[in-house]
Amino acid sequence: MSVINTASTNLNRAERRKLQTYEALKQATRELLLEVGYQALTIQAITDRADFGYGTFYLHFESKDDIVWTVVEEILETESAIVNEQMLNLPFPRREFVSWQIFFGNVRKQAESFIALYGSNGSAYLHQKMVDYLAKSHFRNLRDGVYSFGIDDAPPIDFMAQFAAGAMMRLSLWWLESDNTYTPEDMAGMIFTMYYRTAPPTK
């Protein structure tokens, strides 16, 4: 993927034009994902919506999945920052339990797109990107004390981050793709019990 310094205020005209094209392609992708979904999304549709030539796309992104992940990751980062800010006002371990409730609630709300992107008929590239993102997010949050495992002799946080990422991705897909009646609260409660060996907190 092309790397553009979007924070710089000292861009020349060519760099500004490049940034504007980059952002227009992303915006077109966001709109089309909502309108037609991942499976029907094409590079031609993206460039048509953004009003650029087809070849322009490859000056900024390597593939359809590359631009889709760029868009998805930005959304995830924004949502994660909001959730973490809200969670800091809650005590351990309710903070951890509520964060899982929010996670599974969001997965349920976005079930159709979640399956399309990461499910058995989705993209292996996007699936791996999501697992990697969850692992990095867990590592960062454990390292920075946003969330806690609650015991002094817990495994190393890189191990816990990888374990949590794999578990949450697999559980989410199993939950959405199988015939069950579990609610987001049920899913959060069960994963909380698996981690902490106790019933989830009520307050």
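**Figure 1. Glu96 and the backbone of Ser148.** In this predicted model, the side chain of Glu96 reaches the backbone nitrogen of Ser148 at 2.8 Å. Glu96 belongs to helix H5, which covers residues 94-109. Leaving aside residues up to four places away in sequence, Glu96 touches Tyr147, Ser148 and Tyr196. Glu96 is buried and has no salt bridge. The nearest side chain of opposite charge is that of Arg95, 5.0 Å away. A salt bridge requires a side-chain nitrogen of Lys or Arg within 4 Å of a carboxyl oxygen of Asp or Glu.

**Figure 2. The largest nonpolar core.** This core has 47 residues. The members that touch the most other members are Ile46, Val68, Trp69, Trp100, Phe114, Tyr118 and Met130. Two or more residues come from each of H1, helix H2 (43-50), helix H4 (64-87), H5, helix H6 (111-118), helix H7 (124-143), helix H8 (157-177) and helix H9 (184-196). The largest contribution, seven residues, is that of H8. In soluble globular proteins, nonpolar side chains tend to be buried together.

Figure 3. Phe114 touches Val107, Gly119, Met130, Met169, Ser172, Leu173 and Leu176, when residues up to four places away in sequence are not counted. Another core, of five residues, lies apart from the largest one. Its members include Val83, Val98, Val146 and Tyr147. Tyr147 is also one of the residues touched by Glu96.

**Figure 4. Gln27 in helix H1 and Ile46.** Gln27 is found in helix H1, residues 13-36. With a relative accessible area of 35%, Gln27 is partly exposed. Ile46 is among the residues that touch the most other members of the largest nonpolar core.

**Figure 5. Lys26 and Glu23 within helix H1.** The structure holds seven salt bridges, and one of them joins the side chains of Lys26 and Glu23 at 3.3 Å, N to O. The two residues are separated by about one helical turn, because they stand three residues apart in helix H1. Lys26 counts as buried, at 2% relative accessibility. Glu23 is partly exposed, with a relative accessible area of 28%. Through salt bridges that share partners, Glu23, Lys26, Arg30 and Glu74 form one network. Side chains of opposite charge can pair when their charged atoms come close.

**Figure 6. Arg49 with Glu31 and Glu35.** The side chain of Arg49 meets that of Glu31 in a salt bridge of 2.9 Å, N to O. This pair links distant parts of the chain, with Arg49 in helix H2 and Glu31 in helix H1, 18 residues apart. A salt bridge of 2.7 Å, N to O, is also formed by the side chains of Arg49 and Glu35. Because Arg49 lies in helix H2 and Glu35 in helix H1, this second pair ties together parts that are 14 residues apart in sequence. Arg49 is partly exposed, with a relative accessible area of 35%. Glu31 counts as partly exposed at 28% relative accessibility, whereas Glu35, at 51%, counts as exposed.

Methods:
Residues numbered from 1 in each chain as written. Predicted model: local features only at pLDDT ≥ 70, side-chain atom pairs only at ≥ 80, totals over all residues. Heavy atoms only, no water. Helix = DSSP H or I, 4+ residues; strand = E, 2+ residues; numbered from the N terminus. Buried < 20%, exposed > 50% of the residue type's maximum accessible area, 1.4 Å probe, protein only. Lys, Arg positive; Asp, Glu negative; His and termini not counted. Polar contact = N/O pair within 3.5 Å; in protein donor to acceptor, adjacent residues only side chain to side chain. Contact = heavy atoms within 4.5 Å. Core = buried A, V, L, I, M, F, W, Y, C linked by side-chain atoms within 4.5 Å.
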